[in-house]
Amino acid sequence: MTIVRTSRYYQSPVTTPLVQIVSLVLAALALIMGAYLLILGKRPWRGGEDVRVVAPRVRLLGLSYILVFGAAMIQIISQPQGLEAEALGGLMVLGGVIVIVVVLLEARASR
């Protein structure tokens, strides 16, 4: 005996595109922030610190933003499968590893 559910609870026709649009807008904002960090090499949220010391780490952080959120935008738009999806996931993981390295460098520098 099989039970077949006919409810389409998980596939609402309105919420999926809405969530994708919101995700795309947020990823675009993060991508712009990553470009700002990568190009200028200074944090907009801290005003009075030495830019020469922090610039390489902030640029790494900007690169990680671009990798993670750029790959997320590509996945949202094109919805790849197979090897392409794995490659984009690898870019996201690489961006995450860069964030971990930056945090460790910040902790080490603050000692």
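Search the whole structure for salt bridges and you find 1, where a salt bridge is a side-chain nitrogen of Lys or Arg within 4 Å of a carboxyl oxygen of Asp or Glu. The partners are Arg57 and Glu106, whose closest N and O atoms sit 3.4 Å apart. Arg57 lies in helix H2 and Glu106 in helix H3 (residues 83-109), so the pair ties together parts that are 49 residues apart in sequence. Side chains of opposite charge can pair when their charged atoms come close.

Before going on, a word on what you're looking at. This is a predicted model, in which local features need pLDDT of at least 70 and side-chain atom pairs count only at pLDDT 80 or more, while totals for chains, interfaces and linings use all residues. Residues are numbered from 1 along each chain as its sequence is written, and side-chain values use heavy atoms, with hydrogens and water left out.

Back to the pair. Is Arg57 buried or exposed? Arg57 counts as buried because its relative accessibility is 16%; the cut-offs are under 20% relative accessible area for buried, over 50% for exposed, and partly exposed in between (1.4 Å probe, protein chains only). Glu106, at 22%, counts as partly exposed. Setting aside neighbours within four places in sequence, Arg57 is in contact (heavy atoms within 4.5 Å) with Val102, Leu105, Glu106 and Ala109.

Now for the chain as a whole. The protein chain has 3 helices and 0 strands, running α-α-α from the N terminus on. Helices (H or I, at least four residues) and strands (E, at least two) are DSSP runs, numbered from the N terminus. Of the 111 residues, 20% count as buried. Among contacts with a separation of 6 or more, 59% come from residues 24 or more positions apart.

Take the helices in turn. H1 (residues 15-40) has 26 residues and reaches 37 Å from its first C-alpha to its last, close to the expected 38 Å; the expected span is 1.5 Å times one less than the number of residues. Its buried residues are Ala27, Ala30, Gly34 and Leu37, and just after H1, Gly41 takes a positive phi of about 70°. H2 (residues 51-78) is the helix that holds Arg57. H3, with 27 residues, reaches 39 Å from its first C-alpha to its last, close to the 39 Å expected, and buries Leu88, Gly95, Ile98 and Val102.

The accessible surface of the chain (Shrake-Rupley method, 1.4 Å probe; for residues, only the protein chains shown count as cover) comes to about 8300 Å², with 68% belonging to carbon and sulfur atoms. Leu38, Ile39, Leu40, Leu60, Leu63, Val93, Val97, Val101 and Leu105 make a nonpolar surface patch of about 700 Å². H1, H2 and H3 are the elements that give two or more residues to the patch, and H3 supplies the largest share, 4 residues. Patches are made of residues with over 30% relative accessible area and no salt bridge: like charges are joined within 9 Å, nonpolar side chains (Val, Leu, Ile, Met, Phe, Trp, Tyr) within 5 Å. Val97, in helix H3, counts as partly exposed at 42% relative accessibility.
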